[in-house]
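The sequence and the model are shown first, and the description follows.

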Amino acid sequence: MVVRIRLSRFGCKNKPFYRVMAADSRSPRDGKHLEILGYYNPLPGQDGGKRMGLNFERVKYWLSVGAQPSEPVQRILFRAGVLPPPPMMAMGLKGGPRDTRLVDPLTGRIVTQEKPADSELVKDADSNEDDGEDDTATS
């Protein structure tokens, strides 16, 4: 039996209210559950914040015995400080800076550019400048 920590919807139409529950993964969303772990109200209160209440001891217990949180519950537990950030939040925002290095299509490895060719050009330019300075100093 796989245990999931997930949200079960309560409340009226257009006014959702959720309970955080530990339930068998095969049971329906609002069906049979093992334990109620807390609540989550996504509608902002008078202070403008979303409200939630969790029994942290029981949540940590269920996580320790192998319960898997659903994605919304994982975000809630991250905000509460129980879990590390989910992978997508750790990667950054969509449309952020990208890696612009060239990738070889056959191997999938990053192609490194030849730096010795560039450094040879720089050395040649330096030697030409030195020659010009020597000519003006001797005349």
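Is Glu35 buried or exposed, and what is its relative accessible area? Glu35 is buried, because its relative accessible area of 18% falls under the 20% limit for that class. This value, like the others in this report, is computed from a predicted model.

Glu35 takes part in a salt bridge with Arg58, with 2.9 Å between N and O. The pair joins distant parts of the chain, since Glu35 lies in strand 3 and Arg58 in helix 1, 23 residues apart. Arg58 is partly exposed, at 30% relative accessible area.

The count of salt bridges comes to two. The other pair consists of Asp24 and Arg26, whose closest N and O atoms are 3.2 Å apart. Asp24 belongs to strand 2 and touches Met1, Val2, Arg6 and Leu34, leaving aside residues up to four places away in sequence.

| Residue | Relative accessible area | Class |
|---|---|---|
| Glu35 | 18% | buried |
| Arg58 | 30% | partly exposed |
| Asp24 | 15% | buried |
| Arg26 | 66% | exposed |

The largest nonpolar core has 14 residues, of which Ile5, Val20, Leu37, Trp62 and Val73 touch the most other members. Strand 1 (3-12), strand 2 (15-24), strand 3 (35-41), helix 1 (56-64) and helix 2 (71-80) each contribute at least two residues to this core. Beyond residues up to four places away in sequence, Trp62 touches Val3, Ile5, Ala22, Leu34, Glu35, Leu37 and Ala67.

Key: Residues numbered from 1 in each chain as written. Predicted model: local features only at pLDDT ≥ 70, side-chain atom pairs only at ≥ 80, totals over all residues. Heavy atoms only, no water. Core = buried A, V, L, I, M, F, W, Y, C linked by side-chain atoms within 4.5 Å. Buried < 20%, exposed > 50% of the residue type's maximum accessible area, 1.4 Å probe, protein only. Helix = DSSP H or I, 4+ residues; strand = E, 2+ residues; numbered from the N terminus. Contact = heavy atoms within 4.5 Å. Salt bridge = Lys/Arg side-chain N within 4 Å of Asp/Glu carboxyl O.
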